[in-house]
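Please read them with the sequence and the model open.

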Amino acid sequence: MNITDIRIVRLKTPQGQTRAFAEVTFDGELAIRDFKVVETPRGLFVSMPARRAPDGRFHDLVIPVTGELRERIQTSVLRAYEDELARP
């Protein structure tokens, strides 16, 4: 499964630790929205799309089955985010 497109939507006013949202397209056929670029004291990371359950906990809606795919998503989204920051 190849990542063929990433769209970054930067937040004008950061919401907590969230800095941007991303939409990732795989093989030009499947797009998944609501990845979050999150900034913590340890650095940036990519949060998977999730929803809040009635008990208040969050549950991922998208779960990469392999660590390799998770790392590819994270690296690609963070690279696209850095590219977006560099744009005027």
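1. Glutamate 39 is partly exposed, at a relative accessible area of 36%. On this scale, buried means under 20% relative accessible area, exposed means over 50%, and partly exposed lies in between, using a 1.4 Å probe and protein chains only. Glutamate 39 forms a salt bridge with arginine 19, and the closest N and O atoms are 2.8 Å apart. Glutamate 39 sits in strand S3 (residues 30–40) and arginine 19 in strand S2 (residues 18–26), so the pair ties together parts that are 20 residues apart in sequence. A salt bridge here is a side-chain nitrogen of Lys or Arg within 4 Å of a carboxyl oxygen of Asp or Glu. Strands (E, at least two residues) and helices (H or I, at least four) are DSSP runs, numbered from the N terminus.

2. On the basis of these notes: this is a predicted model, in which local features need pLDDT of at least 70 and side-chain atom pairs count only at pLDDT 80 or more, while totals for chains, interfaces and linings use all residues. Residues are numbered from 1 along each chain as its sequence is written, and side-chain values use heavy atoms, with hydrogens and water left out.

3. How many salt bridges does the structure hold? There are 6. Side chains of opposite charge can pair when their charged atoms come close. One of the bridges joins arginine 33 and glutamate 23, at 2.9 Å from N to O. This pair links distant parts of the chain, with arginine 33 in strand S3 and glutamate 23 in strand S2, 10 residues apart. Are its two members buried or exposed? Arginine 33 is exposed, at 60% relative accessible area, whereas glutamate 23 counts as buried at 19%.

4. A further salt bridge brings together the side chains of aspartate 5 and arginine 7, at 3.1 Å from N to O. Aspartate 5 is partly exposed, at 29% relative accessible area, and arginine 7 is exposed, at 53%.

5. The charge count for the protein is 14 positive and 13 negative side chains, and the centres of the two sets lie 6 Å apart. Lys and Arg count as positive and Asp and Glu as negative, with His and the chain ends not counted. Each charge is placed at NZ of Lys, CZ of Arg, CG of Asp or CD of Glu.

6. Overall fold: the secondary structure comes to 1 helix and 6 strands, in the order β-β-β-β-β-β-α from the N terminus. The C-alpha trace spans about 40 × 30 × 20 Å along its principal axes.

7. Buried residues make up 30% of the 88 residues. The protein exposes about 6300 Å², of which carbon and sulfur atoms supply 49%. Accessible areas come from the Shrake-Rupley method with a 1.4 Å probe; for residues, only the protein chains shown count as cover. Among contacts (heavy atoms within 4.5 Å) with a separation of 6 or more, 32% come from residues 24 or more positions apart.

8. Threonine 18 lies in S2 and is buried, at 11% relative accessible area. Leaving aside neighbours within four places in sequence, threonine 18 is in contact with Leu11, Lys36, Val37 and Val38. Phenylalanine 21 also belongs to strand S2 and is partly exposed, at 24%. With the neighbours within four places in sequence left aside, the contacts of phenylalanine 21 include Arg7, Ile8, Val9, Asp34 and Phe35. Phenylalanine 21 and glutamate 84 are 63 residues apart in sequence and 12 Å apart in space, C-alpha to C-alpha.

9. Backbone points to check. Aspartate 27 has a positive phi of about 50° although it is not a glycine; this residue is placed in the loop between S2 and S3 and is partly exposed, at 38%. Aspartate 34 has a positive phi of about 75°, again without being a glycine. Aspartate 34 is in strand S3 and is partly exposed, at 48%.

10. Glycine 28 is found in the loop between S2 and S3 and counts as exposed at 58% relative accessibility. Between glycine 28 and proline 64 there are 18 Å in space, C-alpha to C-alpha, and 36 residues in sequence.
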